[in-house]
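Trainee: I am new to this structure. Please take me through one part of it closely.

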Amino acid sequence: MVSVFSSTTMAEKISFCCALMMTTLLVLSCCEVGGRGSDFNFIVNQKGVMNKGCDEIYVVGEGESLHTISEKCGDPYIVEENPHINDPDDVFPGLVIKITPFNLR
């Protein structure tokens with residue numbers, strides 16, 4: 001009877017340790033900071049306002065210009081990085097462009 005009690009106690013201790021380790025891994029995975037695809041990628045524009053950074057591939061929306069996209073995404077060199085843009089004034093909804101935020105250069 002003594003061996004059953006000690007094996008039950010051992011199983012409870014192992015179960016507790018596993019649960020503690022899983023909880024720690026879960027907390028650490030939620031606290032990841034600084035990855036390029038991180039949701040916490042914010043850029044401060046010239047006016048001092050924080051904007052959420054854009055994805056590397058950006059699809060131009062209705063009413064957007066390269067200037068507004070540049071401010072929004074923090075990439076002042078959009079035309080240089082996108083050779084398929086011949087005229088910076090000829091930007092249309094649905095145009096796909098590459099974005100590299102200034103802080104990642």
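Which residues make up the largest nonpolar core?

Mentor: Keep in mind that this is a predicted model. The largest nonpolar core has 12 residues in all. They are Cys54, Tyr58, Val60, Leu66, Ile69, Cys73, Ile78, Ile85, Val91, Leu95, Ile97 and Ile99. The largest share of this core, 3 residues, comes from helix 2, which spans residues 66-73. In soluble globular proteins, nonpolar side chains tend to be buried together.

Look at Val60, one of the core residues. Set aside its neighbours within four places in sequence. Val60 is then in contact with Ile69, Val91, Phe92, Pro93, Gly94, Leu95 and Ile97.

Now place the core in the chain. The protein chain has 3 helices and 4 strands. Along the sequence the pattern reads α-β-β-β-α-α-β. Of the 105 residues, 24% count as buried. Take the contacts with a separation of 6 or more: residues 24 or more positions apart account for 49% of them.

Next, follow the loop between helix 2 and helix 3 (78-81), where Asp75 lies. Asp75 counts as buried because its relative accessible area is 0%, and the cut-off is under 20%. One of its polar atoms lies 3.0 Å from the backbone nitrogen of Tyr77. The side chain of Asp75 also reaches the backbone nitrogen of Thr100, at 2.9 Å.

Go back to helix 2, residues 66-73. Lys72 forms a salt bridge with Glu64. Their closest N and O atoms are 3.8 Å apart. The count comes to 1 salt bridge. Side chains of opposite charge can pair when their charged atoms come close. Lys72 has 38% relative accessibility, so Lys72 counts as partly exposed.

Met21, Met22 and Leu25 form a nonpolar patch on the surface. Together they have about 350 Å² of accessible area. Met21 lies in helix 1, residues 2-30. Met21 counts as exposed because its relative accessible area is 56%, and the cut-off is over 50%. The protein chain exposes about 8,000 Å², and carbon and sulfur atoms supply 64% of that area.

To sum up, start from the 12 core residues. Then find Asp75 in its loop. Then trace the salt bridge between Glu64 and Lys72. End at the surface patch of Met21, Met22 and Leu25.

How values were computed. Residues are numbered from 1 along each chain as its sequence is written. This is a predicted model: local features need pLDDT of at least 70, side-chain atom pairs count only at pLDDT 80 or more; totals for chains, interfaces and linings use all residues. Side-chain values use heavy atoms; hydrogens and water are left out. A nonpolar core is a set of buried Ala, Val, Leu, Ile, Met, Phe, Trp, Tyr and Cys residues joined through side-chain atoms within 4.5 Å. Buried means under 20% relative accessible area, exposed over 50%, partly exposed in between (1.4 Å probe, protein chains only). Helices (H or I, at least four residues) and strands (E, at least two) are DSSP runs, numbered from the N terminus. Contact means heavy atoms within 4.5 Å. A salt bridge is a side-chain nitrogen of Lys or Arg within 4 Å of a carboxyl oxygen of Asp or Glu. Patches are made of residues with over 30% relative accessible area and no salt bridge: like charges are joined within 9 Å, nonpolar side chains (Val, Leu, Ile, Met, Phe, Trp, Tyr) within 5 Å. Accessible areas come from the Shrake-Rupley method with a 1.4 Å probe; for residues, only the protein chains shown count as cover. A polar contact is a pair of N or O atoms within 3.5 Å; within protein, one must be able to donate a hydrogen and the other to accept it, and residues adjacent in sequence count only if both atoms are side-chain atoms.
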